[in-house]
Amino acid sequence: MIAAMKQLAGRRFAPVSVDGLEPRPAYWRVRPGEIGAVCESVRRGRSEVIARTPGGFPVYAVFYGDFSEPPPQTNWSAGSSSTSDSSYFRRAGLPPTVVWCAGIHGAEAESVAFAVNLIELLEHGTDLLGRSHERLVSLLGHYRLIVLPCVNMDGRSISPDHLRGVPYETFRRVSQGCWLDGSLIGWRGSKEFFPLPLDRVAHPGGYPNSEGFNIMHDACPGHIRTAEAKALLRLIERYSADFVLNAHSCEGEPVLLPPSEFNYLSHVGRGLRAYSAVNRALFEAGLRKTPAGEGRPGRQVNLNNLFTLASGALALTLECTVSGGLSFEQMLDVNFVTFETLLESGLADPFVKRETLLR
(Lines give C-alpha, C1' and ligand atoms only; values in the text may rest on other atoms or scores of the structure.)
Protein backbone atom coordinates (compact mmCIF):
# COMPACT_ATOMS: atom_id res chain seq x y z
CA MET A 1 0.00 0.00 0.00
CA ILE A 2 1.23 3.50 -0.78
CA ALA A 3 1.52 5.94 2.10
CA ALA A 4 1.38 9.50 0.78
CA MET A 5 -0.04 12.11 3.16
CA LYS A 6 -0.47 15.66 1.98
CA GLN A 7 1.22 18.33 4.04
CA LEU A 8 -1.35 20.81 5.25
CA ALA A 9 0.74 23.91 4.59
CA GLY A 10 0.50 25.05 0.98
CA ARG A 11 0.19 22.63 -1.91
CA ARG A 12 3.27 20.59 -1.21
CA PHE A 13 3.06 16.82 -1.08
CA ALA A 14 5.05 14.40 1.03
CA PRO A 15 7.27 11.78 -0.61
CA VAL A 16 5.64 8.50 -1.54
CA SER A 17 6.65 5.30 0.20
CA VAL A 18 5.91 1.86 -1.22
CA ASP A 19 5.62 -1.05 1.17
CA GLY A 20 7.96 -3.94 0.40
CA LEU A 21 10.11 -2.05 -2.10
CA GLU A 22 13.54 -3.68 -2.20
CA PRO A 23 16.50 -1.56 -1.11
CA ARG A 24 18.31 0.21 -3.91
CA PRO A 25 21.92 -0.71 -4.66
CA ALA A 26 24.70 1.74 -3.78
CA TYR A 27 25.20 2.75 -7.42
CA TRP A 28 21.56 3.85 -7.78
CA ARG A 29 21.82 7.52 -6.76
CA VAL A 30 18.65 9.37 -7.71
CA ARG A 31 17.70 11.65 -4.82
CA PRO A 32 17.82 15.39 -5.61
CA GLY A 33 20.66 15.92 -3.14
CA GLU A 34 22.66 13.10 -4.71
CA ILE A 35 22.08 14.48 -8.20
CA GLY A 36 23.17 17.91 -7.06
CA ALA A 37 26.28 16.53 -5.35
CA VAL A 38 27.55 14.76 -8.47
CA CYS A 39 26.84 17.81 -10.65
CA GLU A 40 28.56 20.18 -8.23
CA SER A 41 31.62 17.91 -8.15
CA VAL A 42 32.16 18.03 -11.95
CA ARG A 43 35.71 19.05 -12.88
CA ARG A 44 36.50 17.49 -16.28
CA GLY A 45 33.31 18.93 -17.69
CA ARG A 46 31.32 22.01 -16.74
CA SER A 47 28.16 22.09 -14.65
CA GLU A 48 25.57 24.85 -14.92
CA VAL A 49 22.21 25.48 -13.27
CA ILE A 50 19.89 26.35 -16.18
CA ALA A 51 16.64 26.78 -14.22
CA ARG A 52 14.94 26.54 -10.84
CA THR A 53 11.86 24.38 -10.44
CA PRO A 54 8.70 25.80 -8.82
CA GLY A 55 9.71 23.78 -5.76
CA GLY A 56 13.07 25.56 -5.61
CA PHE A 57 15.31 22.77 -6.89
CA PRO A 58 18.15 23.47 -9.36
CA VAL A 59 18.01 21.96 -12.85
CA TYR A 60 21.55 21.04 -13.90
CA ALA A 61 23.17 20.73 -17.31
CA VAL A 62 26.63 19.15 -17.49
CA PHE A 63 28.79 19.88 -20.55
CA TYR A 64 31.64 17.81 -22.01
CA GLY A 65 33.53 19.16 -25.01
CA ASP A 66 34.23 22.55 -26.54
CA PHE A 67 31.22 24.86 -26.16
CA SER A 68 33.06 28.10 -26.83
CA GLU A 69 31.31 29.13 -30.06
CA PRO A 70 29.52 32.50 -30.11
CA PRO A 71 25.73 32.58 -29.81
CA PRO A 72 23.82 32.16 -33.08
CA GLN A 73 23.13 35.44 -34.87
CA THR A 74 19.73 34.15 -35.90
CA ASN A 75 17.37 31.35 -34.88
CA TRP A 76 17.00 28.01 -36.62
CA SER A 77 13.70 28.92 -38.26
CA ALA A 78 15.22 31.94 -40.01
CA GLY A 79 18.68 30.46 -40.53
CA SER A 80 17.32 27.36 -42.22
CA SER A 81 15.44 29.59 -44.66
CA SER A 82 18.55 31.57 -45.59
CA THR A 83 21.20 30.71 -48.16
CA SER A 84 23.35 28.95 -45.55
CA ASP A 85 22.88 27.54 -42.07
CA SER A 86 26.10 29.23 -40.87
CA SER A 87 24.27 32.22 -39.39
CA TYR A 88 22.64 29.85 -36.90
CA PHE A 89 24.94 26.84 -36.95
CA ARG A 90 28.15 28.61 -35.91
CA ARG A 91 30.32 25.63 -34.99
CA ALA A 92 32.71 25.16 -37.90
CA GLY A 93 35.14 22.38 -37.08
CA LEU A 94 33.34 21.29 -33.90
CA PRO A 95 31.77 17.82 -33.56
CA PRO A 96 28.02 17.10 -33.39
CA THR A 97 26.20 17.94 -30.17
CA VAL A 98 24.18 15.24 -28.44
CA VAL A 99 21.94 15.82 -25.43
CA TRP A 100 20.94 13.20 -22.87
CA CYS A 101 17.77 14.47 -21.18
CA ALA A 102 16.64 12.49 -18.12
CA GLY A 103 13.91 12.74 -15.54
CA ILE A 104 11.34 14.91 -17.28
CA HIS A 105 8.90 12.63 -15.44
CA GLY A 106 10.28 12.57 -11.91
CA ALA A 107 8.97 9.14 -10.91
CA GLU A 108 10.97 7.52 -13.73
CA ALA A 109 14.33 7.10 -12.04
CA GLU A 110 16.11 4.71 -14.42
CA SER A 111 17.48 7.34 -16.80
CA VAL A 112 18.41 9.53 -13.84
CA ALA A 113 20.49 6.71 -12.34
CA PHE A 114 22.17 6.27 -15.72
CA ALA A 115 22.92 9.99 -16.08
CA VAL A 116 24.60 10.05 -12.66
CA ASN A 117 26.64 6.98 -13.60
CA LEU A 118 27.55 8.54 -16.95
CA ILE A 119 28.86 11.69 -15.26
CA GLU A 120 30.83 9.54 -12.80
CA LEU A 121 32.28 7.60 -15.73
CA LEU A 122 33.42 10.74 -17.53
CA GLU A 123 34.79 12.31 -14.35
CA HIS A 124 36.55 9.30 -12.79
CA GLY A 125 37.01 6.68 -15.53
CA THR A 126 34.46 4.18 -14.20
CA ASP A 127 30.77 4.18 -13.40
CA LEU A 128 29.57 3.57 -9.85
CA LEU A 129 29.84 -0.19 -10.43
CA GLY A 130 33.52 0.18 -11.36
CA ARG A 131 32.95 -0.46 -15.10
CA SER A 132 35.03 1.48 -17.62
CA HIS A 133 32.78 1.35 -20.74
CA GLU A 134 35.79 1.97 -22.97
CA ARG A 135 33.86 1.82 -26.24
CA LEU A 136 31.29 4.37 -25.06
CA VAL A 137 33.98 6.75 -23.81
CA SER A 138 35.83 6.40 -27.13
CA LEU A 139 32.65 7.15 -29.09
CA LEU A 140 31.96 10.25 -26.99
CA GLY A 141 35.29 11.61 -28.19
CA HIS A 142 33.55 12.21 -31.54
CA TYR A 143 30.78 14.35 -30.03
CA ARG A 144 30.00 17.22 -27.73
CA LEU A 145 27.77 16.06 -24.87
CA ILE A 146 25.23 17.81 -22.66
CA VAL A 147 23.76 15.73 -19.82
CA LEU A 148 20.58 16.83 -18.04
CA PRO A 149 20.50 14.32 -15.17
CA CYS A 150 17.05 15.27 -13.88
CA VAL A 151 14.78 17.94 -15.33
CA ASN A 152 11.80 17.38 -13.01
CA MET A 153 13.46 17.57 -9.61
CA ASP A 154 10.09 18.39 -8.02
CA GLY A 155 8.60 15.09 -9.15
CA ARG A 156 11.79 13.24 -8.25
CA SER A 157 11.72 14.65 -4.72
CA ILE A 158 8.34 13.04 -3.92
CA SER A 159 8.96 9.75 -5.76
CA PRO A 160 10.65 6.57 -4.49
CA ASP A 161 14.15 5.65 -5.61
CA HIS A 162 12.77 3.07 -8.03
CA LEU A 163 9.64 1.15 -8.96
CA ARG A 164 11.29 -2.13 -9.89
CA GLY A 165 8.85 -5.03 -9.76
CA VAL A 166 5.86 -3.09 -8.42
CA PRO A 167 2.33 -3.98 -9.57
CA TYR A 168 0.78 -2.04 -12.44
CA GLU A 169 -1.57 -0.10 -10.16
CA THR A 170 1.29 0.97 -7.89
CA PHE A 171 3.32 2.13 -10.89
CA ARG A 172 0.41 4.25 -12.10
CA ARG A 173 -0.37 5.63 -8.63
CA VAL A 174 3.23 6.66 -8.00
CA SER A 175 3.73 8.00 -11.53
CA GLN A 176 0.46 9.80 -12.31
CA GLY A 177 -1.07 10.01 -8.85
CA CYS A 178 -4.58 9.52 -7.52
CA TRP A 179 -7.70 11.59 -6.98
CA LEU A 180 -9.08 12.46 -3.55
CA ASP A 181 -11.33 9.37 -3.63
CA GLY A 182 -8.26 7.15 -4.16
CA SER A 183 -8.95 6.31 -7.80
CA LEU A 184 -6.09 6.36 -10.28
CA ILE A 185 -5.57 9.45 -12.41
CA GLY A 186 -3.88 7.27 -15.02
CA TRP A 187 -1.41 7.85 -17.85
CA ARG A 188 -3.93 9.14 -20.36
CA GLY A 189 -6.18 10.63 -17.71
CA SER A 190 -3.37 12.84 -16.46
CA LYS A 191 -3.16 14.42 -19.90
CA GLU A 192 -6.72 15.70 -19.74
CA PHE A 193 -5.46 18.51 -17.50
CA PHE A 194 -2.70 21.09 -17.91
CA PRO A 195 -1.95 21.73 -15.14
CA LEU A 196 -3.24 18.87 -13.02
CA PRO A 197 -5.79 20.34 -10.55
CA LEU A 198 -3.79 19.84 -7.37
CA ASP A 199 -6.74 20.70 -5.12
CA ARG A 200 -8.51 17.60 -6.43
CA VAL A 201 -5.73 15.04 -5.88
CA ALA A 202 -4.62 13.01 -2.89
CA HIS A 203 -1.22 12.79 -4.54
CA PRO A 204 -0.07 14.15 -7.92
CA GLY A 205 2.48 11.44 -8.68
CA GLY A 206 5.96 12.19 -9.96
CA TYR A 207 4.83 12.94 -13.53
CA PRO A 208 4.22 16.69 -13.10
CA ASN A 209 6.26 19.37 -11.39
CA SER A 210 5.03 20.93 -8.15
CA GLU A 211 2.66 23.24 -10.05
CA GLY A 212 1.00 20.26 -11.72
CA PHE A 213 2.53 20.69 -15.18
CA ASN A 214 3.62 17.68 -17.23
CA ILE A 215 6.84 19.16 -18.63
CA MET A 216 6.93 16.68 -21.53
CA HIS A 217 3.75 18.27 -22.87
CA ASP A 218 4.68 21.88 -22.21
CA ALA A 219 4.89 22.17 -25.97
CA CYS A 220 2.42 24.81 -27.11
CA PRO A 221 4.39 27.32 -29.21
CA GLY A 222 3.97 30.80 -27.79
CA HIS A 223 2.65 29.55 -24.46
CA ILE A 224 5.38 27.59 -22.67
CA ARG A 225 4.39 27.51 -18.99
CA THR A 226 7.29 25.94 -17.12
CA ALA A 227 10.74 27.25 -16.31
CA GLU A 228 12.07 23.76 -16.99
CA ALA A 229 10.79 23.58 -20.59
CA LYS A 230 11.85 27.16 -21.32
CA ALA A 231 15.38 26.43 -20.12
CA LEU A 232 15.59 23.22 -22.15
CA LEU A 233 14.53 24.96 -25.34
CA ARG A 234 16.98 27.82 -24.78
CA LEU A 235 19.78 25.30 -24.23
CA ILE A 236 18.95 23.30 -27.36
CA GLU A 237 18.84 26.49 -29.46
CA ARG A 238 21.94 28.10 -27.96
CA TYR A 239 24.21 25.12 -28.65
CA SER A 240 22.51 24.05 -31.91
CA ALA A 241 21.90 20.48 -30.74
CA ASP A 242 22.02 17.77 -33.40
CA PHE A 243 20.44 14.96 -31.40
CA VAL A 244 18.35 14.82 -28.23
CA LEU A 245 17.63 11.55 -26.44
CA ASN A 246 14.64 12.08 -24.15
CA ALA A 247 14.83 9.26 -21.61
CA HIS A 248 11.74 7.92 -19.81
CA SER A 249 10.47 4.65 -18.31
CA CYS A 250 7.46 2.40 -18.73
CA GLU A 251 6.06 -0.77 -17.15
CA GLY A 252 6.67 -2.83 -20.31
CA GLU A 253 9.78 -3.86 -22.19
CA PRO A 254 12.43 -1.22 -22.84
CA VAL A 255 12.09 0.36 -26.27
CA LEU A 256 13.38 3.26 -28.32
CA LEU A 257 10.19 4.78 -29.71
CA PRO A 258 9.77 5.63 -33.39
CA PRO A 259 9.97 9.31 -34.36
CA SER A 260 6.92 11.51 -34.63
CA GLU A 261 5.46 11.99 -38.10
CA PHE A 262 5.31 15.72 -37.26
CA ASN A 263 8.87 16.08 -38.41
CA TYR A 264 11.30 16.60 -41.27
CA LEU A 265 11.02 13.68 -43.68
CA SER A 266 14.74 13.00 -43.33
CA HIS A 267 14.34 12.91 -39.53
CA VAL A 268 11.57 10.33 -39.81
CA GLY A 269 13.81 8.07 -41.88
CA ARG A 270 16.81 8.58 -39.62
CA GLY A 271 14.68 8.04 -36.52
CA LEU A 272 13.29 4.77 -37.86
CA ARG A 273 16.82 3.53 -38.56
CA ALA A 274 17.73 4.40 -34.98
CA TYR A 275 14.61 2.61 -33.75
CA SER A 276 15.63 -0.58 -35.54
CA ALA A 277 19.30 -0.41 -34.50
CA VAL A 278 18.66 0.26 -30.82
CA ASN A 279 15.86 -2.23 -30.29
CA ARG A 280 17.85 -4.94 -32.06
CA ALA A 281 20.86 -4.14 -29.87
CA LEU A 282 18.69 -4.38 -26.74
CA PHE A 283 17.37 -7.74 -27.96
CA GLU A 284 20.88 -9.03 -28.67
CA ALA A 285 21.98 -7.92 -25.20
CA GLY A 286 19.15 -9.92 -23.63
CA LEU A 287 17.30 -6.78 -22.53
CA ARG A 288 14.30 -7.24 -24.85
CA LYS A 289 12.42 -10.39 -25.85
CA THR A 290 12.12 -9.33 -29.50
CA PRO A 291 13.92 -6.85 -31.79
CA ALA A 292 10.59 -4.87 -31.89
CA GLY A 293 9.89 -5.33 -35.60
CA GLU A 294 9.51 -2.65 -38.24
CA GLY A 295 8.68 0.75 -36.83
CA ARG A 296 6.13 3.28 -38.03
CA PRO A 297 6.22 6.97 -37.15
CA GLY A 298 3.95 7.97 -34.30
CA ARG A 299 1.62 10.95 -34.04
CA GLN A 300 2.84 12.32 -30.73
CA VAL A 301 3.23 16.05 -30.13
CA ASN A 302 5.47 16.91 -27.20
CA LEU A 303 8.75 18.62 -26.31
CA ASN A 304 10.62 16.50 -28.86
CA ASN A 305 8.84 18.37 -31.64
CA LEU A 306 9.87 21.69 -30.15
CA PHE A 307 13.49 20.54 -29.79
CA THR A 308 13.47 20.01 -33.55
CA LEU A 309 11.95 23.44 -34.14
CA ALA A 310 14.52 25.04 -31.81
CA SER A 311 17.67 23.71 -33.49
CA GLY A 312 16.84 21.27 -36.29
CA ALA A 313 17.75 18.42 -33.94
CA LEU A 314 16.60 14.84 -34.32
CA ALA A 315 14.80 14.07 -31.03
CA LEU A 316 13.78 10.58 -29.92
CA THR A 317 12.38 8.99 -26.77
CA LEU A 318 13.76 5.99 -24.91
CA GLU A 319 11.39 4.11 -22.64
CA CYS A 320 13.40 2.10 -20.14
CA THR A 321 11.54 -0.38 -17.96
CA VAL A 322 10.70 -0.37 -14.27
CA SER A 323 10.06 -4.09 -14.31
CA GLY A 324 10.29 -6.56 -17.19
CA GLY A 325 12.25 -8.89 -14.94
CA LEU A 326 15.43 -6.84 -15.30
CA SER A 327 17.87 -6.27 -12.46
CA PHE A 328 19.03 -2.80 -11.42
CA GLU A 329 22.25 -3.35 -13.35
CA GLN A 330 20.33 -4.45 -16.43
CA MET A 331 18.11 -1.36 -16.23
CA LEU A 332 21.26 0.75 -16.30
CA ASP A 333 22.52 -1.36 -19.20
CA VAL A 334 19.39 -0.53 -21.23
CA ASN A 335 20.60 3.06 -21.16
CA PHE A 336 24.26 2.22 -21.79
CA VAL A 337 23.44 -0.07 -24.74
CA THR A 338 21.04 2.49 -26.20
CA PHE A 339 23.50 5.36 -25.97
CA GLU A 340 26.45 3.40 -27.31
CA THR A 341 24.38 2.08 -30.22
CA LEU A 342 23.17 5.56 -31.13
CA LEU A 343 26.63 7.11 -30.94
CA GLU A 344 28.08 4.27 -33.03
CA SER A 345 25.42 4.67 -35.69
CA GLY A 346 25.85 8.45 -35.72
CA LEU A 347 29.41 8.16 -37.02
CA ALA A 348 28.33 6.58 -40.31
CA ASP A 349 24.79 7.94 -40.47
CA PRO A 350 24.74 11.51 -39.06
CA PHE A 351 21.77 12.41 -36.89
CA VAL A 352 21.26 15.61 -38.89
CA LYS A 353 22.34 16.49 -42.41
CA ARG A 354 21.63 20.18 -42.19
CA GLU A 355 22.15 20.86 -45.86
CA THR A 356 19.07 18.74 -46.57
CA LEU A 357 16.97 20.88 -44.20
CA LEU A 358 17.65 24.24 -45.86
CA ARG A 359 14.64 25.60 -47.71
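Modeller: Start with Thr97: its bridge partner in β6 is Arg144. Helices (H or I, at least four residues) and strands (E, at least two) are DSSP runs, numbered from the N terminus. Before we go on, this is a predicted model: local features need pLDDT of at least 70, side-chain atom pairs count only at pLDDT 80 or more, and totals for chains, interfaces and linings use all residues. Residues are numbered from 1 along each chain as its sequence is written, and side-chain values use heavy atoms, with hydrogens and water left out.

Colleague: In which sense do β5 and β6 pair, and over how many bridges?

Modeller: Two strands pair if DSSP finds at least two bridges between them. β5 and β6 have five, in the parallel sense. β4 and β6 run antiparallel, joined by three bridges. There, Val62 faces Val147 of β6.

Colleague: What is the order of strands in the open sheet?

Modeller: Read it as β3-β4-β6-β5-β9-β11-β10, seven strands with mixed pairing. The edges are β3 and β10 (255-256). Each has a single partner strand, so one side of each lacks a neighbour in the sheet.

Colleague: How do β3 and β4 pair?

Modeller: β3 (residues 46-52) and β4 (residues 58-64) are antiparallel, with six bridges. Ser47 has Val62 as its bridge partner in β4. Glu48 stands opposite Ala61 of β4. The hairpin has five residues between its strands, and Gly56 takes a positive phi near 95 degrees.

Colleague: Are the faces of β6 buried or exposed?

Modeller: Buried means under 20% relative accessible area, exposed over 50%, and partly exposed in between, with a 1.4 Å probe and protein chains only. In β6, five of five residues are buried. Arg144, Ile146 and Leu148 lie on one side, Leu145 and Val147 on the other, and both faces are covered.

Colleague: How many residues of helix α6 are buried?

Modeller: Seven of the nine in α6 (residues 168-176). Among them are Phe171, Arg172 and Val174. Just after α6, Gly177 has a positive phi of about 85 degrees.

Colleague: Which residues have the most contacts inside the largest nonpolar core?

Modeller: A nonpolar core is a set of buried Ala, Val, Leu, Ile, Met, Phe, Trp, Tyr and Cys residues joined through side-chain atoms within 4.5 Å. The largest one here has 57 residues, and Trp28, Trp100, Leu118, Leu145, Leu245 and Phe339 have the most contacts inside it. Helix α3 (residues 110-124) gives the largest share, nine residues. Apart from that core lies another, of 31 residues, including Val99 and Leu303.

Colleague: What does Leu145 touch?

Modeller: Contact means heavy atoms within 4.5 Å. Leaving out residues up to four places away in sequence, Leu145 touches several residues, among them Val62, Phe67, Leu118 and Phe339.

Colleague: At what angle do α9 and α11 pack?

Modeller: Axes are lines fitted to C-alpha atoms, for helices over the stretch in contact, and angles run from 0 to 180 degrees between N-to-C directions. α9 (residues 265-284) and α11 (residues 328-348) pack at about 135 degrees, with axes 9 Å apart. That makes α9 oblique to α11. Angles under 35 degrees count as roughly parallel, over 145 as roughly antiparallel, 65 to 115 as roughly perpendicular, and the rest as oblique. The contact includes Ala274 and Val278 of α9, and Thr338 and Leu342 of α11.

Colleague: Which strands does α11 lie across?

Modeller: They are β5 (97-102), β6 (144-148), β9 (243-250), β10 and β11 (314-321). α11 runs at about 155 degrees to β11.
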